Amino acid sequence: MDMRSRLTTSMKEAMKAKEAERLSTLRLINAAIKDRDIAMRGEGKDGGVGDDEVLGILGKMVKQRQESARAYEEGGRLELAEKERSEIAIIEEFLPRQLDEAETEKAVEKVISEVGAESIRDMGKVMGALKSKYTGQMDFGRVGPMVKDKLG
């Protein structure tokens, strides 16, 4: 089942179960995907976004909510931080399991050898290959320095 179907099914289930908070978060996800569809149509690409782009959107939404939760905690707004965390939990249901540090390191080493990267100049190739294989499974903000260390 593709991501859109899973989201639609989950939205229907949330409506039937009268889970307002879950439904709200699922609608936000759906709106973000539709925004990306519209942007792609503006670029002349019909057909909508694929599952890999949906995973990218979901990853971005999680990261935004993590930053918001941190800011709310620093400002003493714990109820808002908790709301952001509950949204993160709902969004993460649709993301593949996140790789831990050791698995991420193995994946980076594997891609470096597959691509034949030898120096820091090959970092773009390595990051591109990682993004195509592991979108939604790793935080590329943390992976970048790891790749740099291995190539540098």
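Tutor: Let's start with pockets: on a 1 Å grid over the protein atoms alone, a pocket is an open set of points where a 1.4 Å probe fits, with protein on both sides within 12 Å along at least five of seven lines, and lining residues have an atom within 4 Å of a point. Grid points are joined across faces, edges and corners, and a volume is the space filled by probe spheres set on the points. This is a predicted model, where local features need pLDDT of at least 70 and side-chain atom pairs pLDDT 80 or more, while totals for chains, interfaces and linings use all residues. Residues are numbered from 1 along each chain as its sequence is written, and side-chain values use heavy atoms, leaving out hydrogens and water.

Student: OK, how much space lies in the largest pocket?

Tutor: About 590 Å³. Its lining has 25 residues, with Lys-63, Gln-98, Met-138, Asp-139 and Phe-140 nearest the centre.

Student: Which element gives the most to that lining?

Tutor: Helices are DSSP runs of H or I, at least four residues, numbered from the N terminus. Here α3 leads with 8 residues.

Student: And how does the lining divide by residue type?

Tutor: Asp, Glu, Lys and Arg count as charged, Ala, Val, Leu, Ile, Met, Phe, Trp, Tyr, Cys and Pro as nonpolar, and the others, Gly among them, as polar. That gives 10 charged, 8 polar and 7 nonpolar.

Student: What about the second largest pocket, how much space is there?

Tutor: About 170 Å³. Its lining includes Arg-36, Glu-53 and Lys-60, and α3 again supplies the largest share, 6 residues.

Terms used. Helix = DSSP H or I, 4+ residues; strand = E, 2+ residues; numbered from the N terminus.
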